[in-house]
Amino acid sequence: MQQSIFHRLYDMYHHDVFNFLYYIVKNRTAAEDLSHEVYIRVLNAYDRFEGKSSEKTWLFSIAKNVAIDYFRKKQVRDKHAFTAFDWETEQLVSHSPSPEQFVELSDQLRQLLEALEQCTGDQKMVIIMRFMQELSIQETAEILGWTQGKVKTTQHRALKNLRLILEQQDGKGGDSL
């Protein structure tokens with residue numbers, strides 16, 4: 001792969017790839033590591049890129065696969081970590097965001113991200129790609145290996161689900177005031 005092609009891809013898309021991965025894994029360090037993994041795979045595979053999709057779509061397909069691999073590996077590590085955990089010497093660390101991290105987010109974005117966690121994995125992926133990464137339906141379909149119809153249906157169901165969750169959250173907040 002020519003160095004100039006790699007630099008062009010990196011310069012054009014590294015923020016988008018990082019943000020996509022960050023929304024998926026919700027961990028800045030992991031997202032940075034996964035972004036690097038994406039570009040390692042790009043270096044190794046660019047000579048096989050056939051141009052059947054845009055480079056952006058191809059990159060996001062790689063990022064999606066890297067995220068899936070991350071969760072598979074994490075699931076295996078988490079399963080074995082419990083048995084190897086030394087309760088007397090190890091500290092328990094919460095993986096949920098700290099109060100300071102929540103304050104940094106706007107209330108609306110925080111509510112949306114919390115609601116998004118209650119959606120299915122497919123719905124979450126489509127919402128992130130379509131609205132946070134501003135990918136088209138066609139690009140999202142190509143990345144996920146779906147039809148455009150499936151993307152539209154999943155998006156519709158996700159939006160309906162998010163609306164319901166957010167209305168329930170608003171109802172709870174209003175009753176407590």
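## Salt bridges, core and helices at a glance

Glu32 pairs up with Arg28 in a salt bridge, their closest N and O atoms sitting 3.5 Å apart (a salt bridge here is a side-chain nitrogen of Lys or Arg within 4 Å of a carboxyl oxygen of Asp or Glu). Keep in mind that this is a predicted model, where local features need pLDDT of at least 70, side-chain atom pairs count only at pLDDT 80 or more, and totals for chains, interfaces and linings use all residues. Residues are numbered from 1 along each chain as its sequence is written, and side-chain values use heavy atoms, with hydrogens and water left out.

**Salt bridges**

- The count comes to eight salt bridges by that rule.
- Glu32 and Arg28 are four residues apart in helix 2, so about one helical turn separates them (helices are DSSP runs of H or I with at least four residues, numbered from the N terminus).
- Glu32 is partly exposed, at 33% relative accessible area (buried means under 20%, exposed over 50%, and partly exposed in between, using a 1.4 Å probe and protein chains only).
- Arg41 and Glu37 also meet through their side chains, at 3.0 Å from N to O, and these two are again four residues apart in helix 2, about one helical turn.
- Both partners count as partly exposed: Arg41 has 26% relative accessibility, and Glu37 has 30%.
- Arg41 has another salt bridge, to Asp69, with the closest N and O atoms 2.7 Å apart.
- Because Arg41 lies in helix 2 and Asp69 in helix 3, this pair ties together parts that are 28 residues apart in sequence.
- Asp69 is partly exposed too, at 22% relative accessibility.
- Put together, Glu37, Arg41, Asp69 and Arg72 are linked in a network of salt bridges.

**The nonpolar core**

- The largest nonpolar core has 46 residues, and those with the most contacts inside it are Phe20, Leu21, Val38, Tyr39 and Val42 (such a core is a set of buried Ala, Val, Leu, Ile, Met, Phe, Trp, Tyr and Cys residues joined through side-chain atoms within 4.5 Å).
- Elements giving two or more residues to this core include helix 1 (3–25), helix 3 (55–84) and helix 8 (148–176).
- Helix 1 supplies the largest share of this core, 10 residues.
- Val38 touches Val17, Leu21, Leu59, Ile62, Ala63 and Val66, leaving aside residues up to four places away in sequence (contact means heavy atoms within 4.5 Å).
- Ser35 is found in helix 2 (residues 28–45) and is buried, with a relative accessible area of 11%.
- With residues up to four places away in sequence set aside, Ser35 touches Val17, Phe18 and Leu21.

- Helix 6 (residues 121–132) has 12 residues and reaches 15 Å from its first C-alpha to its last, close to the expected 16 Å (that is, 1.5 Å times one less than its number of residues).
- Nine of the 12 residues of helix 6 are buried, so the rest of the structure largely encloses this helix.
- Among the buried residues of helix 6 are Lys124 and Arg130, along with Val126, Ile127 and Ile128.
- Just after helix 6, Glu134 takes a positive phi of about 55 degrees.
- In helix 7, the buried residues are Ile137, Thr140, Ala141, Ile143 and Leu144.
- These residues cover an arc of only 165 degrees around the axis, which puts them on the same side of helix 7 (the arc is that of the directions from the helix axis to the C-beta atoms).
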